[in-house]
Amino acid sequence: MIIGVPKEIKNNENRVGITPAGVVAFKKCNHEVWVETGAGLGSGFTDQDYMDAGAVIVSSAKKVWSAQMVIKVKEPIAEEYGYFYEGLILYTYLHLAPEPELTKALVDKKVVAIAYETIQLDNKTLPLLTPMSEVAGRMSVQIGARFLENPNGGKGVLMGGVPGVSPAEVVIIGGGIVGTNAAKMAVGMGANVTILDVNIDRLRQLDDMFQGRLKTLASNSYNIAESVKKADLLVGAVLIPGARAPQLVTEEMIKTMNPGSVVVDVAIDQGGSIATIDHITTHSDPTYVKYGVVHYAVANMPGAVARTSTLALTNVTIPYGIQIANKGYKLAAKENRALAKGINVIDGYVTYHAVAEAHGYSYVSIENVLERQNVTV
Ligand SMILES: NC(=O)C1=CN([C@@H]2O[C@H](COP(=O)(O)OP(=O)(O)OC[C@H]3O[C@@H](n4cnc5c(N)ncnc54)[C@H](O)[C@@H]3O)[C@@H](O)[C@H]2O)C=CC1
Ligand SMILES: CC(=O)C(=O)O
């Protein structure tokens, strides 16, 4: 199979879908890899590195997109939709629930759209989302600390305080991978940390993990309102897999925060969980102020630490990518239930329930589509 790896064109997206090590792995299985000129530079990989690994460097994005499978990092942006063609296997983050136009383009063009973020193991974990959630969770606190500084519009609070002065109050909504990694950083910096989740078992685990160094709270609108009011840094870290993020923090709650407080909504890639976040921000213009509160809503946070992120991401994406290339997506999905859950769109059908629901498509199960093609899952 021919694998195409385009250069990412989203604002400050420095990650790349494959490393030279990944090229070697695909070549070993007799696949051909086309990498767009300069695609790896932001992650520290030169065209020569890719050529040495056996890739063909291609200068035209159009040609790279004509490959049988395109491996990317971020969801395509509008100027890339024109490259879609029937039967193209697109393997990348897609976040379709808040993206009606992209969903329509994939459906209309009958692309086989495999979303990293919905590949799910039987134990409910999301192995292709986890490493980027680790990165973004850790970043959320270092970013929050930066924007709490006066020159960056913040109220001038130091995360750990100093002897005789209270540390910052950090409130994290969602205690999954992002939330736990944010908590590790915030606790490490000496902040007072509160973490809220609807899953009480998860709060039990966090309580054990942090040994009294943070406070856990059941997530409900009362507890969220009380916590938000006192937060210097609020981190949004909720997820309902594949679905639009629930809006948990209202405009009224944000108005109760002190001026110069900071909100980092990591869940913005699924539409965001905070009512006052009215647009996705970018690495080049990452914040805006509303009701005196600094808002940060970058949907590709790991793109700013691309070397770490590309290595962490491709560690987990390439093994599934090789299964798809070796067996074809139908057999790979049949033999690997986790991978089957990643298929969001196929043959013009939406095969992920939350995405179909978000945009008013009829949901057709992946099993159903593959059965019609005589592949039993
Ligand atoms: N902006 C960015 O660059 C990035 C964003 N993300 C996003 O961060 C979000 C979180 O991802 P993960 O931590 O990996 O998900 P996860 O599934 O590990 O954790 C989500 C947590 O939210 C909790 N939750 C669900 N509903 C809740 C509610 N009403 N109140 C409180 N908690 C609730 C769940 O119980 C779960 O513990 C996702 O949208 C993910 O796509 C991840 C990486 C990068
Ligand atoms: C998960 C995601 O949205 C990212 O890594 O950019």
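Tutor: A pocket is an open set of points on a 1 Å grid over the protein atoms alone, where a 1.4 Å probe fits and protein lies on both sides within 12 Å along at least five of seven lines; its lining residues have an atom within 4 Å of a point. This is a predicted model, in which local features need pLDDT of at least 70 and side-chain atom pairs count only at pLDDT 80 or more, while totals for chains, interfaces and linings use all residues. Residues are numbered from 1 along each chain as its sequence is written, chains are lettered from A and ligands numbered from 1 in the order in which they are written, and side-chain values use heavy atoms, with hydrogens and water left out.

Student: Which residues lie nearest the centre of the largest pocket?

Tutor: The lining of the largest pocket holds 47 residues. Its volume, the space filled by probe spheres set on grid points joined across faces, edges and corners, is about 1100 Å³. Nearest the centre are G176, I177, A237, V238 and L239.

Student: Which element gives the most to the lining of the largest pocket?

Tutor: Helices (H or I, at least four residues) and strands (E, at least two) are DSSP runs numbered from the N terminus. At least two lining residues come from each of α6 (130-147), α7 (177-188), β8 (192-197) and α8 (200-210). With four residues, the element that gives the most is α6.

Student: How many residues of the lining of the largest pocket are charged?

Tutor: Ala, Val, Leu, Ile, Met, Phe, Trp, Tyr, Cys and Pro count as nonpolar, Asp, Glu, Lys and Arg as charged, and the others, Gly among them, as polar. By that division the lining has 23 nonpolar and 16 polar residues. The number of charged residues is eight.

Student: Where does the largest pocket lie, and why?

Tutor: The chain is divided into domain 1 (2-110 + 306-372) and domain 2 (130-299), with bounds from an automatic or database domain assignment. Both domains give residues to the lining, so the largest pocket lies between domain 1 and domain 2.

Student: How many residues of domain 2 are in contact with domain 1?

Tutor: The C-alpha centres of domain 1 and domain 2 are 31 Å apart. Contact here means heavy atoms within 4.5 Å. On the domain 1 side 15 residues take part, and the count for domain 2 is 14.

Student: Which residues touch the most other members of the largest nonpolar core?

Tutor: A nonpolar core is a set of buried Ala, Val, Leu, Ile, Met, Phe, Trp, Tyr and Cys residues joined through side-chain atoms within 4.5 Å. The largest one has 79 residues, and α6 gives the most to this core, with eight residues. Domain 1 and domain 2 both contribute, so this core lies between them. The members that touch the most others are F26, Y91 and I114.

Student: Is V263 buried or exposed?

Tutor: Buried means under 20% relative accessible area, exposed over 50%, and partly exposed in between (1.4 Å probe, protein chains only). V263 is found in strand β11, and beyond four places in sequence V263 touches L234, I254, M257, I274, I277, V293, V294, H295 and Y296. Its C-alpha is 6.0 Å from that of V235, 28 residues away in sequence. With a relative accessible area of 0%, V263 is buried.

Student: What is the relative accessible area of D197?

Tutor: D197 is placed in strand β8. Its contacts outside four places in sequence include G174, G175, G176 and R202. D197 counts as buried, with a relative accessible area of 13%.

Student: Is D285 buried or exposed?

Tutor: D285 sits in the loop between β11 (262-265) and β12 (287-290). The C-alpha atoms of D285 and Y296, 11 residues apart along the chain, are separated by 9.3 Å. At a relative accessible area of 51%, D285 is exposed.

Student: What is the phi of N12?

Tutor: Most residues other than glycine have a negative phi, and most peptide bonds are trans. N12 lies in the loop between β1 (2-5) and α1 (20-28) and is partly exposed, at 36% relative accessible area. Although N12 is not a glycine, its phi is positive, at about 55°.

Student: Which residues does N11 touch, not counting those up to four places away in sequence?

Tutor: N11 is in the loop between β1 and α1 and is partly exposed, with a relative accessible area of 31%. The C-alpha atoms of N11 and G303, 292 residues apart along the chain, are separated by 9.0 Å. The residues touched are T282, H283, S284 and N300.
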